[in-house]
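Please read the following as a guided walk through one structure, taken a region at a time, with the sequence and the model kept in view.

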Amino acid sequence: MIYLITGGERSGKSSYAQNLALQLSDTPLYVATARKWDADFQNRIDRHQLERDERWTNIEKEKYLSEIDFTGKVALIDCVTLWLTNFFVDTKNEVSASLEEAKAEFEKIASQKEATLIIVTNEIGMGVHAETHIGRKFTELQGWMNQFLASKADQVVLMVSGIPVKIKGENSNS
């Protein structure tokens, strides 16, 4: 089962995803995709880790999520935007190479048996138009990856002002 939780910044995506994971498992995995860019980002990571209690197994993995054994587990992957950033930076901002690598990595994850994946992503294209060429390229990458993930997901939830709106799957119009 694949759940995609999407929405704008501070829309309630992570809280919703964490609650869903705990409804589905007493011992979910939390897969953090953030790269530690600087001390401020490390502080953000530390703060997020403190929000999760002993029920969670925390795994930090920047890119190669398929190295994690998801078989028979409930895993929350937070988030696609930071994960894609790692591919984007490592390919020197090549959208097609980043997209190809991320899609291939996702296919390996999704093929694991009896895995329940809860994936958090951002709808950055719904916000302010990126000022830079690199920002616009990344917005394209994010949009195409979100479309790919939504096509693979069993359920897609759009978070708006803390309210979950199911747009694909159970109890939706899709």
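V160 is found in strand β6, which covers residues 155-160, and in this predicted model V160 is partly exposed, with a relative accessible area of 41%. This residue belongs to a nonpolar patch on the surface, which V160 forms together with I163, V165 and I167, and the accessible area of these residues together is about 310 Å². Strand β7, made of residues 163-168, gives the patch its largest share, namely 3 residues.

In the loop between β6 and β7 the reader will find S161, whose phi is near 50 degrees, a positive value in a residue other than glycine. At 69% relative accessibility, S161 counts as exposed, because the cut-off for that class is over 50%. Another residue with a positive phi is N93, where the angle is about 70 degrees although N93 is not a glycine. N93 is placed in the loop between α3 and α4 and counts as partly exposed, with 22% relative accessibility. These backbone values deserve a second look because most residues other than glycine have a negative phi. A further backbone feature concerns the peptide bond from D78 to C79, which is cis, with omega near 5 degrees, and C79 has its place in the loop between β4 and α3.

How many cavities of 30 Å³ or more does a search of the whole structure find? The search finds 1, and about 50 Å³ of space lies in the largest cavity. Its lining is made up of L65, I77, V80, W83, F106, I109, I119 and L149, and the elements that give two or more residues to this lining are α3 (80-90) and α4 (95-110). By class, the lining residues divide into 8 nonpolar, no polar and no charged.

Charged side chains come into view with the salt bridges, of which a search of the whole structure finds 4. In one of them, K61 is joined to E67, with the closest N and O atoms 2.6 Å apart; K61 is partly exposed, with a relative accessible area of 23%, whereas E67 is exposed, with a value of 56%. Another salt bridge is formed by K63 and D90, whose closest N and O atoms are 3.0 Å apart. This pair links distant parts of the chain, since K63 lies in the loop between β3 (57-60) and β4 (74-78) while D90 lies in helix α3, 27 residues apart. Is K63 buried or exposed? With a relative accessible area of 11%, K63 is buried, because buried means under 20%, while D90, at 36% relative accessibility, counts as partly exposed.

The side chains of E107 and K152 also meet in a salt bridge, at 3.1 Å from N to O. Distant parts of the chain are linked here as well, with E107 in helix α4 and K152 in helix α5 (residues 133-152), 45 residues apart. E107 counts as partly exposed at 34% relative accessibility, and K152 counts as partly exposed at 37%.

Key. Residues are numbered from 1 along each chain as its sequence is written. This is a predicted model: local features need pLDDT of at least 70, side-chain atom pairs count only at pLDDT 80 or more; totals for chains, interfaces and linings use all residues. Side-chain values use heavy atoms; hydrogens and water are left out. Patches are made of residues with over 30% relative accessible area and no salt bridge: like charges are joined within 9 Å, nonpolar side chains (Val, Leu, Ile, Met, Phe, Trp, Tyr) within 5 Å. Accessible areas come from the Shrake-Rupley method with a 1.4 Å probe; for residues, only the protein chains shown count as cover. Helices (H or I, at least four residues) and strands (E, at least two) are DSSP runs, numbered from the N terminus. Buried means under 20% relative accessible area, exposed over 50%, partly exposed in between (1.4 Å probe, protein chains only). On a 1 Å grid over the protein atoms alone, a cavity is a set of points where a 1.4 Å probe fits but cannot get out, and a pocket is an open set with protein on both sides within 12 Å along at least five of seven lines; lining residues have an atom within 4 Å of a point. Grid points are joined across faces, edges and corners, and a volume is the space filled by probe spheres set on the points. Ala, Val, Leu, Ile, Met, Phe, Trp, Tyr, Cys and Pro count as nonpolar, Asp, Glu, Lys and Arg as charged, and the others, Gly among them, as polar.
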